[in-house]
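Dear colleague,

Please find below the structure that I am handing over to you. My notes on what was found in it follow directly after.

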Amino acid sequence: MSFSLLFSDELRGFYRSKVMMFLWVGLPLMSLLLQLWQPDPGEDMSFAVLSAILVSSIGGTLAAVMLAVSIINEKNSRAYDLFLIRPIQRWSLVASKFTAVYLCIAIAAGLALLTGMVFDYAVMGGTPDAVLEAVGESLAISLSMMAVASAAGVLIGVVSPSVLLGAILVIYGGNQVSALPMLPSLTGMEHPVAFTIALGAAATAVLLGLAIALFNRKQF
Amino acid sequence: MSSESELVVLDHVSKQYRDLTALDDVSFSIRRGEVFGYIGPNGAGKTTTIKIMVGLLRQSRGTLTINGHRMPEEKEQAHRMLGYLPQKVAFQEWRTVDHALSTLGRLSGLSGHELERRITEVLDFLGLTKVRRKKIIQLSGGMVQKVGLAQALLHRPPLLVLDEPLAGLDPASRYQVKQIIRELSRGDTTIFFSSHILSDVQDVATRIGILNHGHVMQVGTLEELKAEFTITRDIAIALAADCSGWSDLKSLEGVGEVEQPAPRRLVVRVAGDADLDETGYRVMRELLDRGCRIRSFTPVTPSLDEVYLRYVGGEQT
């Protein structure tokens with residue numbers, strides 16, 4: 001019960017936040033600009049992959065910063081005390097925050113990629129099959145990268161004592177870790193989407209599991 | 001071991017932070033239905049005790065039970081009967097008063113109409129109805145403190161743990177919160193609260209615990225604490241009319257000093273290890289023999305401030 005209640009609460013808190021407002025509009029806009037600009041992704045990288053990297057890099061970083069800062073602030077202001085003295089499972093506090101932010105950011109990224117692809121199909125003239133395939137790969141990479149970045153944001157939020165340190169760790173650590181799911185696409189694997197999802201899910205599970213374990217042990 | 005009458009039992013509880021001993025072998029119990037005031041100087045370990053009690057910290061040694069449930073092992077059961085107001089209450093910044101109470105109430109097991117009714121009742125009780133739809137960050141510090149109290153009362157917990165509940169409140173709100181504490185205790189709620197305002201503790205607490213440097217110095221009713229030691233060993237005498245020769249009282253056995261702070265008022269200080277009762281008897285007999293009319297004859301009882309200062313050695317609260 002506590003997870004679903006906290007999740008809907010966090011969702012309510014995040015989806016109307018200023019950062020999310022920026023992402024709801026900013027990510028689709030960025031995707032559109034990418035389509036118009038049409039950069040050369042290079043021989044080993046499809047345009048869809050490049051687009052996914054850019055969208056998820058910004059979305060993932062913002063999600064990680066948002067999560068880390070939110071957890072650090074709430075931890076330092078002692079906002080968690082009122083939850084922790086109630087009969088709830090501790091893990092639901094951080095898991096609900098992760099899920100809410102990830103859901104918001106995933107929808108924003110999905111919209112962004114879809115906007116770009118629709119634009120590509122309508123203006124540049126592509127085939128529906130090609131568009132769908134590109135969307136699929138882009139989404140897999142984006143969602144995996146953003147999941148890893150979000151989980152890293154939660155972990156950094158739990159361990160970091162200050163917002164400044166948290167932000168530095170997110171930018172220099174979380175961002176690098178979130179690039180893990182890109183490896184299958186970059187190394188030219190035969191089925192990169194499946195490997196990307198698997199790698200992203202595994203890295204997310206490890207980071208989030210570690211964050212929850214540390215949060216459960218934490219004394220407030 | 002806890003008896004039926006004891007709701008909370010701390011048994012040799014210690015808390016160690018690396019080189020710092022925050023609590024050292026603390027043992028006391030809180031009886032059902034009482035208002036227990038917990039006083040001590042800054043850094044004495046009051047908040048540490050409270051955080052261990054509510055399960056936010058783990059003790060390094062010793063045991064703590066709430067209604068027989070060991071903390072922190074059985075904290076889920078203990079948390080069902082607990083309401084807690086932290087020293088600095090904080091809420092997530094996007095929450096309104098109503099939303100915060102709704103979420104915290106649900107997490108405490110309330111739902112549906114019952115939850116709605118309790119939120120309305122508690123807000124009305126605390127005079128917060130007008131700010132129900134407001135964001136908590138828009139409220140004053142005193143108001144936020146009251147919202148904190150509201151969330152603690154919402155689910156009618158049998159045990160209320162309040163960390164400095166009167167700090168930061170204006171005099172009217174302090175009076176109101178003290179009235180609430182009295183009212184709740186009449187309704188069988190057990191209340192444990194810390195405070196550095198000794199007069200407030202004296203006003204509402206049925207028993208008092210004094211903590212200093214992580215040690216519980218004394219636990220008891222105010223009368224018991226006063227009786228533990230006679231602080232000044234003075235006898236205050238009020239006379240109906242001026243009485244000559246009072247300075248001769250000094251020659252009586254057991255009398256140290258005699259002062260006249262005001263006309264028809266005498267203060268007799270009992271000397272060294274002389275017995276207070278025997279000396280008092282001698283002084284009274286001497287005054288009566290001299291034809292003095294005595295209006296009152298009272299051993300001076302210390303205030304809580306004096307008791308407190310004796311225990312903590314004059315450290316600031």
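Against which elements do the buried residues of helix 5 of chain B pack? They pack against helix 4 (81-84) of chain A, together with strand 6, helix 3, helix 4, strand 7 and helix 6 of chain B.

Before the details, a word on conventions. This is a predicted model, in which local features need pLDDT of at least 70 and side-chain atom pairs count only at pLDDT 80 or more, while totals for chains, interfaces and linings use all residues. Residues are numbered from 1 along each chain as its sequence is written, and chains are lettered from A and ligands numbered from 1 in the order in which they are written. Helices (H or I, at least four residues) and strands (E, at least two) are DSSP runs, numbered from the N terminus. A residue is buried if 20 or more other C-beta atoms lie within 10 Å of its own, exposed if 12 or fewer, and partly exposed in between, with C-beta atoms placed from the backbone. Two residues are in contact if their C-beta atoms, placed in that way, lie within 7 Å.

The buried residues of helix 5 of chain B are B:Gln145, B:Lys146, B:Val147, B:Gly148, B:Leu149, B:Ala150, B:Gln151, B:Ala152 and B:Leu153. The end C-alpha atoms of this 13-residue helix are 19 Å apart, in agreement with the 18 Å it should span at 1.5 Å a residue; the expected span is 1.5 Å times one less than the number of residues.

Helix 4 of chain B (residues 112-125) has 14 residues and reaches 20 Å from its first C-alpha to its last, close to the 20 Å expected. Its buried residues are B:Ile119, B:Val122 and B:Leu123. Just after helix 4 of chain B, B:Gly127 takes a positive phi of about 70°.

Chain A has nine helices and zero strands. Of its 220 residues, 45% count as buried. Among contacts in chain A between residues at least 6 apart in sequence, 83% join residues at least 24 apart.

Within helix 7 (residues 163-177) of chain A lies A:Gly174, which is buried, with 28 other C-beta atoms within 10 Å. Leaving aside neighbours within four places in sequence, A:Gly174 is in contact with A:Ala64, A:Ala149, A:Ala152, A:Gly153, A:Ile156 and A:Leu169.

Where the chains meet, 22 residues of chain B are in contact with 18 residues of chain A. Helix 3 of chain B gives the most to the side of chain B that touches chain A, with four residues. By class, that side has 11 nonpolar, six polar and five charged residues; here Ala, Val, Leu, Ile, Met, Phe, Trp, Tyr, Cys and Pro count as nonpolar, Asp, Glu, Lys and Arg as charged, and the others, Gly among them, as polar.

Nonpolar cores

A nonpolar core is a set of buried Ala, Val, Leu, Ile, Met, Phe, Trp, Tyr and Cys residues joined through C-beta atoms within 7 Å. The largest has 72 residues, and those with the most contacts inside it are B:Val8, B:Val54, B:Leu82, B:Ala150, B:Val161, B:Ile191 and B:Phe192. Apart from it lies another core of 55 residues, among them A:Leu67, A:Val101, A:Leu169 and A:Val177.

Backbone features of chain B

A cis peptide bond joins B:Met71 and B:Pro72, with omega of about 5°. B:Pro72 is found in the loop between strand 5 (69-71) and helix 2 of chain B.

B:Arg156 has a positive phi of about 50° although it is not a glycine. This residue sits in the loop between helix 5 and strand 7 (159-163) of chain B, and B:Arg156 counts as partly exposed, with 16 C-beta neighbours inside 10 Å. B:Asp188, also not a glycine, has a positive phi near 75°; B:Asp188 is exposed, with 9 other C-beta atoms within 10 Å.
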